[in-house]
Amino acid sequence: EGGGGAAAGATVGHDRDEAHVGGALAAAPDGSGYAIAKAGEYVMELTRPPKSVLGVDFELLESGLVVLEVIGGLIGQWNADHPELCVSPLDRCVEVNGLGGSGRQLADEIKRSRKVQMKFLRASPDVAATATAEHFDDGAAFVVTLRKEPGVGLGLNTTAEKEGDNFVLRIGAIWEGVVRKWNKANPQKEICLGDCIVQVNGVAHSSDSACYNAIQQSIGDLDLLIRRERPKVASSGLALSATPPDVSDGEKQRLMDLVLADVDHGEEVVYGGTFAELASGVEDVPIENVALQNLLAQCTWLSEEDLSVEMIKAAPDLRMSLPGALAFVRRHAAPDEPATLEFMQNSMGGEWADAPKCRAGLPQLLKQVLGESPAEAWWDRVADAAFRDVSPASVGRLDMARWLDTYRRGIRIVRLIRYMNL
């Protein structure tokens with residue numbers, strides 16, 4: 001919670017046994033009785049009287065609650081009483097009352113508890129200094145240094161927005177690539193959905209193409225100045241918006257629903273974002289482009305040798321556009337042989353197969369081809385989506401062509417969900 005100072009009569013739990021680090025109270029060399037915080041970690045405990053406020057603005061991330069600002073209240077008082085355990089901007093709360101979880105889960109635990117024990121990870125000095133020094137009107141900024149890897153994309157989908165004389169790139173999606181690797185290795189400086197890339201290698205750019213080109217043409221380390229806008233805060237003081245690097249469970253569910261509803265559009269957005277990144281502003285790219293080959297390898301069933309042959313067949317001029325790449329992914333999503341055999345068994349060798357029987361067998365067929373093993377209910381949802389245009393109850397039967405289209409759609413749905421790490 002946050003927003004405003006503590007209510008009258010509010011108290012802060014700060015007896016000596018309430019300030020400790022790493023779950024154990026260590027003897028302090030100054031005789032104060034407080035633990036000396038081990039590097040990067042500290043624990044605080046508060047008692048929340050009725051109508052009191054925590055006095056902190058948090059940002060909700062999948063990996064916890066990040067402190068944006070301390071604005072008084074109980075934590076403001078805690079900081080005054082415990083300077084050696086001061087809660088500071090960009091510190092991250094990772095446990096509440098011994099429970100870990102997403103930022104939303106931790107926020108809910110805070111709201112329902114009178115006594116609150118919060119475990120924080122301290123922001124590294126360089127991050128904290130950058131966040132303090134680099135403030136914008138609507139948030140704070142920090143610098144990340146990404147190491148580009150041959151054949152591996154950044155894994156970002158961005159939209160250029162003009163601000164004053166320059167352009168920024170707002171991050172709309174994050175998938176497998178350099179950025180996701182960075183986020184996993186650097187949770188204190190993770191790049192989130194909704195963040196803006198303000199500078200590339202220390203330079204702001206006056207056109208959207210210059211922004212993209214600066215990123216694409218950079219060799220070696222890539223320094224990005226990231227601006228994080230302040231999220232809207234509810235009356236309770238807990239941030240409403242969530243900008244996780246690996247999307248929250250609720251956002252994953254929303255994205256999966258969109259993929260299930262329209263896999264064609266999902267492919268255009270997700271694969272199109274990757275293609276736009278590797279194409280660097282041009283309409284088509286050489287088929288020897290390693291990043292393009294990696295994308296197609298992830299989204300098809302082809303072996304490395306077969307991939308090269310089929311790419312040449314699909315692009316005799318040795319260049320591939322986004323429509324060509326999407327057509328390639330859809331054409332080579334999976335081998336037809338398993339589905340053909342399934343149809344022959346269901347049709348008893350005839351031209352038509354029983355549609356409900358085909359629907360019932362599709363989940364097992366998809367698992368057989370893709371080697372995936374989530375819960376049965378998950379596969380049933382995919383099968384229902386694949387059969388959405390077939391309406392087995394009314395059609396009653398399928399011919400081979402209709403069945404293969406349905407099977408391929410199911411495969412494409414699973415591949416896209418896997419690519420998006422849902």
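View 1. Strand β4 (residues 92-96) is mostly covered, with four of its five residues buried. Here "buried" stands for under 20% relative accessible area, "exposed" for over 50% and "partly exposed" for what falls in between (1.4 Å probe, protein chains only). Strands are DSSP runs of E with at least two residues, helices are runs of H or I with at least four, and both are numbered from the N terminus. β4 pairs with strand β3 (residues 64-70) in the antiparallel sense over two bridges, and Leu65 stands opposite Cys93 in β4. β4 also pairs with β5, again in the antiparallel sense, over four bridges; there, Arg92 stands opposite Leu121 in β5. Two strands count as paired if DSSP finds at least two bridges between them.

A word on the model: it is predicted, so local features need pLDDT of at least 70 and side-chain atom pairs count only at pLDDT 80 or more, while totals for chains, interfaces and linings use all residues. Residues are numbered from 1 along each chain as its sequence is written, and side-chain values use heavy atoms, with hydrogens and water left out.

View 2. A search of the whole structure turns up four aromatic pairs. One of them is Tyr42 with Phe120: the ring centres are 5.1 Å apart and the planes sit at 10 degrees, so this pair is stacked. Tyr42 belongs to strand β1 (residues 41-47) and Phe120 to strand β5 (residues 115-121), so to speak distant parts of the chain, 78 residues apart. Both Tyr42 and Phe120 are buried. To pair, rings of Phe, Tyr and Trp (its six-membered ring) need centres within 6.5 Å; planes under 30 degrees apart count as stacked, over 60 as edge-to-face and the rest as tilted.

**View 3. Two tyrosines, edge-to-face.** Tyr271 and Tyr419 make an edge-to-face aromatic pair, at 5.3 Å centre to centre and with 80 degrees between the planes. Tyr271 is in helix α7 (residues 263-279) and Tyr419 in helix α15 (residues 400-419), so the pair ties together parts 148 residues apart in sequence. Tyr271 is buried, at a relative accessible area of 2%, and Tyr419 is buried too, at 7%.

**View 4. An arginine over a tryptophan.** Arg397 lies over the face of Trp352, 4.0 Å from the ring centre. A charge sits over a ring if NZ of Lys or CZ of Arg is within 6 Å of the ring centre and within 35 degrees of the ring normal.
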